[in-house]
Amino acid sequence: MDKKIGFIGCGNMAKAMIGGILGNHLVEKENLMASDKAEAMLQEASERFGIAVTTDNKEVAAFADILIMAVKPIYMEEAIRDIRDLVTEDRIVVTLAPGKTLSWLEETFGKTVPIVRSMPNTPAFVGEGMAALCPNRLVTENGMEEVKAIYSCFGKAEQVSENMIDVVTGVSGSSPAYVFMFIEALADAAVHDGMPRKQAYTFAAQAVLGSAKMVLETGMHPGELKDMVCSPGGTTIEAVRVLEKNGMRSAVMEATKAAIDKAKGL
């Protein structure tokens, strides 16, 4: 890609994204720049990736063709006001902040700017993220492909309508926490019956990883894949019976709905 990419905010998610971009050779390190108020964050990024860093957001805004605003929602307005005079219609602004709608972003910029809302998740840290992308009317098809190319460097990315962004928060943005709890519970059960904890985490995590890969790569319905494991009168169907008795599906649905409702209120 023949574009310069800038990051305002250089926290964990930004570093995961930078690592994926460089690891996939999307652009050279000379075409990356990041800013942050915390000099320790910048020093780490400079030493780890060899990219240009600065404490001045304006410097990044002037540098970047694609400007990724990786700041928390409470700091978004301040960050936009700091750099909006430098952002022109030939740039693309990408945001990561939940709750900040396209209309709010456009109003805060106070002018017509191509903007893409995004919702990534933490598995981006290991190159297996899932991101939703939602462009405003000013983002061209080519511009959208460039943003998708960035997000594809650390997982999968799909375009969604803006009314689905909050749903994405519940189903992929927050759900790694639910999955970690499931893995921990599986491992706890194994430890209870004598397996060393480190080994229990390996068995549990690999089972979850492989199961997810089967859903993505076979194209089969999750229920069909479940039925393949449930032999008549066997151990698996006995475990499934207990999970159903204790409301596993309902608990997951209610938790996800709670996350979605919370996102809508931000």
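Modeller: This is a predicted model. Start with strand β4, residues 66-69. I66 and I68 point one way, L67 and M69 the other, and all are buried.

Colleague: Which strands pair with β4, and in what sense?

Modeller: Strand β1, residues 5-8, pairs with β4 in the parallel sense over four bridges. There, I5 has I66 as its bridge partner. Strand β5, residues 92-95, also pairs with β4 in the parallel sense, over four bridges. In that pairing, I68 is partnered by V94.

Colleague: How does the chain cross from β4 to β5?

Modeller: Through helix α4, residues 73-83. This β-α-β crossover is right-handed.

Colleague: Now β7. How many of its residues are buried?

Modeller: Six of the seven, so the strand counts as mostly covered, given that buried means under 20% relative accessible area. β7 spans residues 129-135.

Colleague: And which strands are joined to β7?

Modeller: Strand β6, residues 115-119, runs antiparallel to β7, with four bridges. V116 stands opposite P135 of β7. Strand β8, residues 155-159, runs parallel to β7, with five bridges. A132 stands opposite E158 in β8. From β7 the chain crosses through helix α6, residues 141-151, to β8, in a right-handed β-α-β crossover.

Colleague: What about backbone angles?

Modeller: Most residues other than glycine have a negative phi. H25 has a positive value, near 55°. H25 lies in the loop between α1 (12-23) and β2 (32-35).

Colleague: Is H25 buried or exposed?

Modeller: Exposed, because its relative accessibility is 64% and the cut-off is over 50%.

Terms used: Residues are numbered from 1 along each chain as its sequence is written. This is a predicted model: local features need pLDDT of at least 70, side-chain atom pairs count only at pLDDT 80 or more; totals for chains, interfaces and linings use all residues. Side-chain values use heavy atoms; hydrogens and water are left out. Helices (H or I, at least four residues) and strands (E, at least two) are DSSP runs, numbered from the N terminus. Buried means under 20% relative accessible area, exposed over 50%, partly exposed in between (1.4 Å probe, protein chains only). Two strands pair if DSSP finds at least two bridges between them. A crossover is right-handed if, with the strands pointing away from the viewer, the path from the first strand over the helix to the second runs clockwise.
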